[in-house]
Number of protein chains: 2
Amino acid sequence: MMLVIAGLGLYGLRDITLGVLEYIKKADKIFVELYTSIIPGFELQELEIFLGKSITVVKRSDLEGRWIQELLDVARDKLVVLLAPGDPFIATTHMSLKLEAIKKGVKVTCLPAPSVINAVSASTGLDFYKFCRPVTIVKPQRFYFPSTPYFVLMENLMKGAHTLFLLDIDVERGYAMDISEALKVLVELEKRENKGIIDENTLFVAVSQASSPNEVVRAFRLSDSFCSGSPPHVLIVPGMLNLIEAEALQVLAGATHEIISMWNNRVRRIINQNSSLHACTR
Amino acid sequence: MMLVIAGLGLYGLRDITLGVLEYIKKADKIFVELYTSIIPGFELQELEIFLGKSITVVKRSDLEGRWIQELLDVARDKLVVLLAPGDPFIATTHMSLKLEAIKKGVKVTCLPAPSVINAVSASTGLDFYKFCRPVTIVKPQRFYFPSTPYFVLMENLMKGAHTLFLLDIDVERGYAMDISEALKVLVELEKRENKGIIDENTLFVAVSQASSPNEVVRAFRLSDSFCSGSPPHVLIVPGMLNLIEAEALQVLAGATHEIISMWNNRVRRIINQNSSLHACTR
């Protein structure tokens with residue numbers, strides 16, 4: 001009859017929408033995947049009690065394997081709801097399912113939900129329109145140490161834009177990268193690539209459990225000590241800060257006026273260097 | 001006591017969250033601004049009846065003027081909720097209010113909501129991580145014809161990234177830019193700037209009323225005829241499309257395989273041109 005793919009948002013049961021509740025009420029079968037992100041304060045049992053319905057947890061190996069054929073067979077005649085943390089379509093996993101369903105003739109309804117991508121602007125005051133491509137910092141492996149985060153950061157800074165780093169997470173193995181680990185990866189990438197982007201004066205903004213009551217937002221330089229909250233975390237390197245953003249980082253993230261103007265000067269130099277490098281091509 | 005700034009999401013009452021409802025239940029005073037975006041299917045009266053409370057509409061001139069001092073005076077002793085379309089912090093308007101409140105010693109709680117920024121990935125299948133800086137196409141005035149959208153598009157394409165154009169809107173004057181008007185602006189910018197980005201073969205994806213039951217998603221070239229839905233609209237110029245994105249544009253947006261591979265070839269040429277231009281700087 002229909003497959004509903006719906007988001008649970010960012011904190012406990014708080015971000016569940018009226019639209020999701022309506023479909024859940026009518027649902028013949030409810031599944032939830034909890035591996036693409038962590039929802040702080042979320043308890044499956046609490047949700048089941050609240051809804052008065054039982055919910056089946058599905059794993060990555062289910063949703064990315066043959067099991068989805070079974071799911072689609074059920075959804076052909078029944079109303080099936082699949083719940084996911086945050087907004088389901090920020091992770092790319094669920095798009096394959098949506099396309100597969102449509103190709104099999106199963107109707108699909110997607111219900112959006114708040115995602116950390118929105119929340120960081122509210123938490124930090126950094127202008128959403130100035131964020132360029134987000135990038136995930138993945139846990140380095142012995143033979144796998146991708147430099148993408150470093151080059152995305154460099155490109156963004158050359159335009160004065162903000163960079164949002166999402167930190168690697170493997171919920172099924174109980175792993176969530178913390179801020180220090182992410183910083184270590186960036187420092188190591190600086191050593192390898194050596195473009196002079198990351199040093200003790202680079203300005204970072206760390207956000208833990210964005211939008212939750214336990215949210216922690218901190219602006220700091222690599223040389224500063226800082227404390228972060230509990231996962232999930234995101235890390236930002238801001239670009240050129242306008243007046244409101246500069247004020248926001250002071251009011252919301254504990255930055256000082258001096259640190260902000262030093263950082264703005266540095267970003268200005270990076271932008272100017274970049275334009276003069278490009279001058280020969282014009 | 002507290003100022004709660006909360007989002008209403010994208011369609012009717014569907015995206016109202018449990019968190020928003022809880023605060024509204026306890027609220028002493030509820031305001032709503034409806035000028036930063038359009039929520040299709042939303043009726044203020046329906047919301048008032050649903051909540052059993054009356055809601056005061058505030059205008060741009062209120063929220064961006066002296067009235068916010070009155071608001072903050074009330075919020076000092078009472079629970080005040082301000083509702084906004086979409087996610088309130090995607091528009092920059094509400095950050096000034098948040099900062100002003102905190103500086104005045106008023107506690108602020110921000111409740112995130114789904115925004116069109118999330119919905120476009122669900123609607124089009126275009127990978128969220130490949131969207132670079134979004135940019136608004138503003139209605140050109142006699143002496144004001146900003147070229148920002150054109151140059152943001154060019155920058156993004158040179159990296160193979162997607163560009164999201166938000167279309168100008170002036171709810172209080174009943175104006176919402178439609179897709180044809182946005183295309184005209186881009187064509188005019190091509191004439192003025194002449195970098196060979198926009199021509200009859202440029203691939204566009206238009207999304208009207210993203211995520212709503214009346215959503216319309218169409219992929220087309222400038223030379224194709226197309227029909228769009230009702231506002232609000234967004235317009236996308238995709239970058240390099242991977243396999244899932246290419247399939248999604250066929251399944252969800254009516255593109256053909258041929259159009260997609262022609263576009264991918266063109267984006268590849270733009271990326272390569274850009275790298276050879278840069279070669280002299282390396």
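Residues are numbered from 1 along each chain as its sequence is written, and chains are lettered from A in the order in which they are written. The model is predicted, and local features need pLDDT of at least 70, side-chain atom pairs count only at pLDDT 80 or more, and totals for chains, interfaces and linings use all residues; side-chain values use heavy atoms, with hydrogens and water left out.

For the model, ipTM is 0.94 and pTM is 0.94.

Contact (heavy atoms within 4.5 Å) involves 55 residues from chain A and 55 residues from chain B.

About 4700 Å² is buried between chain A and chain B, 70% of it from carbon and sulfur atoms. Buried area is the accessible area (1.4 Å probe) that two parts lose on being put together, summed over both. Of the area that chain A buries against chain B, 14% is supplied by L18(A), Y129(A) and R133(A), more than by any other three residues.

Between chain A and chain B, 12 residue pairs, both at pLDDT 80 or more, are in polar contact. A polar contact is a pair of N or O atoms within 3.5 Å; within protein, one must be able to donate a hydrogen and the other to accept it, and residues adjacent in sequence count only if both atoms are side-chain atoms. By class, the side of chain A that touches chain B comprises 30 nonpolar, 14 polar and 11 charged residues, where Ala, Val, Leu, Ile, Met, Phe, Trp, Tyr, Cys and Pro count as nonpolar, Asp, Glu, Lys and Arg as charged, and the others, Gly among them, as polar.

Over all chains, the whole structure holds 26 salt bridges, each a side-chain nitrogen of Lys or Arg within 4 Å of a carboxyl oxygen of Asp or Glu. Across the interface of chain A and chain B, 4 salt bridges are found. K159(A) and E155(B) form a salt bridge through their side chains (3.3 Å, N to O).
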